[in-house]
Structure formats: structure tokens, C-alpha cells
Amino acid sequence: MSASILSRAKDPLRMVLPEEEAPTESMAFGSMVDMLWLTPEDWDNYYIQLPSQAPKRPSAAQLKARDKGTASESSLQAIAFWDNWETKSLGKTTYDSTLIEKVRKSVNMLNMHPQAQYIHDHSDKQIVLMGDVPGNCLQEGGKAKCMIDLLPRDGELQTADGKILQLNECVVDLKTSHNVSEYGMRSAIYNFEYYMKMAWYLRMLQGAGETQRDKAVLIFQNSKHPRDAHVRIITDEDIQ
């Protein structure tokens, strides 16, 4: 049982017969930002940069010419490069210099946001919880899991209305959105069921003994230039 499975619960057939969905370009980019900001030490285990001098991938005609023994020397070199590259990059995602520059700019924008950076510095990252499904859930008695982006250890934030929020009472997740206005963030929380997923994280944490945690915070980042970041607290009404 996970948050993604719970999101399909309102459609029983979809839950029983899930369909694998390939990550979109935006989702893949968001995953790169997540890793570079949260766990940069893991980067080289999952990603590899394509050299700037890499030749174009050989065409079907070039491959056929190689098989016939009529390929040019440059074609043979390109084929050899890509054969070697496929082996070298096995199991990793390839990126180029243009893409990594955009990812670094996104991370820089997160670091420039005072509240986002403060939360980052006071949190453990990419925390995985696994165990029995908490009570009052769909499949009580089964196994449950979740991965939490940021789990604050200490610190506090002042909310827009002047209240002080103790971070060790919160769970925090990083999200991207094409609309980071108040309306856009509220719509994303509803449309993508972030309120439900964050409630699941809190239930898991409470089951693991973190009973003081009852608040959810989202760090939204604009998926478009200038990649600005915004910190938003999910209200109690959303989380119940």
C-alpha cells in the first residue's frame, strides 16, 4: 500500500488493474531536481552526462552499411562510440549540458528561497518508511510504504498570519507546478490529491512513533522559467 495506490482507490477497477505510466518529461526533470537538491551524493548512481563531443547516433542506413562492410570510418567510429556508451550508461539516465544547466538553475532557485533553504538545512532527506498498514485504512493488515522528501528535525517558521510553525511537527514534500499562484497551488493540491498523499505520510509517521507530526508543508517550484519557489502549508481542513 502506498500513496499512489490510494490515489486509485476511488476507481476500484483502476486499482485492481493498474496501468504502468511512463514518466512525462516534466516528471523526469522534477526527479533530477529532487535528487540534486536532496541527495546529490546519489547523483552519479542514477545519471550520466553525455560528452559534448559525442557524435550523432548512427542511422539505420549507417548500421546497414556496417553490416555490408561499406561504412565510412566516421560512421564506424560513431557506431563504436554508441555501442560503448550503451554499456557505460546501462541503468542510468543520460543528460546533456543544456539539461543539467536548467536543473542547476532550479536547485539554485530553491536555495535562494529563505524558507525552502531553511527547511532543507533542518531536515533529513528522502526518508523511506515501510511497515504494516496503519489502522482505519483500506487494506488494514497489509504492508505500507512511503518516501518522504524532507523530514524536519527542528527549527520553526513564521506563517503569513504571524503564527509560529514548529517544523518537527511537519512533513514536507517538493512539487513542481506550471502555475504557482495561490489559485494554481490550491488547484494542484486538489487535482493531484496532494492532500491525501500528505495525510498518508502523516499516518505512516504517526504509526512509526512520530505522533507529534500533524502538519503538511509543500514546497512548490515553478516548472517554467524563472523556476521560482513557494512554501505552502496544507490546511487542517485539507488533511483530514
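**Stop 1: strands β7 and β8**

Select residues 170-177, strand β7, together with β8: the two strands run parallel and are joined by 8 bridges. Two strands count as paired if DSSP finds at least two bridges between them. Helices (H or I, at least four residues) and strands (E, at least two) are DSSP runs, numbered from the N terminus. The model is predicted, so local features need pLDDT of at least 70 and side-chain atom pairs count only at pLDDT 80 or more, while totals for chains, interfaces and linings use all residues. Residues are numbered from 1 along each chain as its sequence is written, and side-chain values use heavy atoms, with hydrogens and water left out.

Click on Cys 170. Its bridge partner in β8 is Lys 215. Cys 170 has a relative accessible area of 0%, so it is buried. Buried means under 20% relative accessible area, exposed means over 50%, and partly exposed lies in between (1.4 Å probe, protein chains only).

Now colour residues 215-222, strand β8. How many of the 8 residues of β8 are buried? The count is 7, so β8 is largely enclosed by the rest of the structure.

**Stop 2: across to β9**

Look for Ile 219: Val 231 in β9 stands opposite. Then follow the chain from β8 to β9. They form a hairpin, with 6 residues between them. Arg 227 sits in the turn and has a positive phi of about 60°.

Select Asp 228 next. Asp 228 also lies in the loop between β8 and β9. Is Asp 228 buried or exposed? Its relative accessible area is 19%, so Asp 228 is buried. Show its surroundings. Leaving out residues up to four places away in sequence, Asp 228 touches Met 109, Val 180, Phe 220, Gln 221 and Asn 222. Contact here means heavy atoms within 4.5 Å.

**Stop 3: two histidines**

Go from Asp 228 to His 113. The two are 115 residues apart along the chain, yet their C-alpha atoms are separated by 8.2 Å. His 113 lies in the loop between α7 and α8. His 113 counts as buried, at 16% relative accessibility. Not counting residues up to four places away in sequence, His 113 touches Ala 229, His 230 and Val 231.

Step on to His 120, in helix α8 (residues 114-121). His 120 is buried too, with a relative accessible area of 13%. Which residues is His 120 in contact with, leaving aside its neighbours within four places in sequence? They are Trp 37, Leu 38, Lys 125 and Leu 150. Zoom in on Trp 37. Its backbone oxygen lies 2.9 Å from a polar atom of the His 120 side chain.

**Stop 4**

Nonpolar side chains tend to be buried together in soluble globular proteins. Select Trp 37, Trp 43, Leu 110, Ile 119, Leu 150 and Ile 219. Of the 25 residues in the largest nonpolar core, these touch the most other members. At least two residues of this core come from each of α3 (25-38), α7 (97-112), α8, β7 and β8. Helix α3 gives the largest share, 6 residues. A nonpolar core is a set of buried Ala, Val, Leu, Ile, Met, Phe, Trp, Tyr and Cys residues joined through side-chain atoms within 4.5 Å.

Keep Ile 119 on screen. Not counting residues up to four places away in sequence, Ile 119 touches Leu 150, Leu 157, Leu 167, Val 172, Val 217, Ile 219 and Val 231. There is also a second, separate core of 21 residues, including Ala 188, Ile 189, Tyr 194 and Leu 205.

**Stop 5: Ser 181**

Select Ser 181, in the loop between β7 and α9 (182-191). Ser 181 counts as partly exposed, at 34% relative accessibility. Show the side chain of Asn 179 as well. A polar contact of 2.7 Å joins it to the side chain of Ser 181. A polar contact is a pair of N or O atoms within 3.5 Å; within protein, one must be able to donate a hydrogen and the other to accept it, and residues adjacent in sequence count only if both atoms are side-chain atoms.

**Stop 6: zoom out**

Show the whole protein. It has 11 helices and 9 strands. Of its 240 residues, 39% count as buried.
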